[in-house]
Amino acid sequence: KNKNSNTETFAAAVLHVHNPRWDGVPFVLKAGKALTDRKAEVRIQFHRVPGVVSALANCSANELVVRLQPEETIYWKVQNKVPGLGFEVQQMRMDLMYASRYEKKLPEAYERLLLEVLAGNQSNFVSAAELDASWRIFTPILHHLAEQRIKPEPYAYGTRGPVAADALAHRYGMTKFGGGIHPCVNDTPFKMAPVRAPSQ
């Protein structure tokens, strides 16, 4: 292992689409090697409800997750009121896991793509225009890093990546980039403090 290597193994970027539909919505891209786990997924994080009670302000946002690999699945992560007279909230997961739902063997990603190449089907491949657009975004960054000899921020093997990635997430109102159960609702219901009515 060459500890002096400047080869980039992690990247996190926040991109924006400048049109009326997506104005102000951050698109977070994160990729890296030797992280906590190997997966490819799309996460849609929803805004918190305006005017939410202050006692629930620390609960994580609802999310819709589409996982491509491993274990193809689609699931919701939602804040749910625990049944009963008390006011407790717990993060729940409602999922459609393909492995448990369907008995047939699911093909691997490259297995499916090779079959489509033989069949002449290009529907699951990126277009040439999309490929060119992606390189127009990242090629100038790679050239800048090489010209300025900027050393990548180190991170330990098996972690979520450099600490700076979390700092970038904080700028957009997120605790981190990526999934996981929020600590305030992990396995234990989140008890809401009693809300007193204002004095007359």
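Predicted model: local features only at pLDDT ≥ 70, side-chain atom pairs only at ≥ 80, totals over all residues.

I begin with the surface. Eight side chains form a nonpolar patch there: Leu 29, Val 126, Leu 131, Trp 135, Ile 137, Phe 138, Ile 141 and Leu 142. Together, these residues present about 700 Å² of accessible area. Which element contributes the largest share of this patch? That is helix H3, spanning residues 128–148, with 6 residues.

I turn now to the backbone. As background, most residues other than glycine have a negative phi. Which way does phi point at Ala 34, positive or negative? Ala 34 is not a glycine, yet its phi is positive, at about 60°. This residue belongs to the loop that runs between strand E2 (27–32) and strand E3 (40–45). With a relative accessible area of 34%, Ala 34 is partly exposed.

The second case is Arg 149. Here too phi is positive, at about 50°, although the residue is not a glycine. Arg 149 is placed in the loop between H3 and helix H4 (163–170). Is Arg 149 buried or exposed? Its relative accessible area is 72%; the cut-off for exposed is over 50%, so Arg 149 is classed as exposed.

Thank you for your attention.

Note on methods: Residues numbered from 1 in each chain as written. Heavy atoms only, no water. Patch = residues over 30% accessible without salt bridge, like charges linked within 9 Å, V, L, I, M, F, W, Y side chains within 5 Å. Areas by Shrake-Rupley, 256 points an atom, 1.4 Å probe, with all protein chains shown as cover. Salt bridge = Lys/Arg side-chain N within 4 Å of Asp/Glu carboxyl O. Helix = DSSP H or I, 4+ residues; strand = E, 2+ residues; numbered from the N terminus. Buried < 20%, exposed > 50% of the residue type's maximum accessible area, 1.4 Å probe, protein only.
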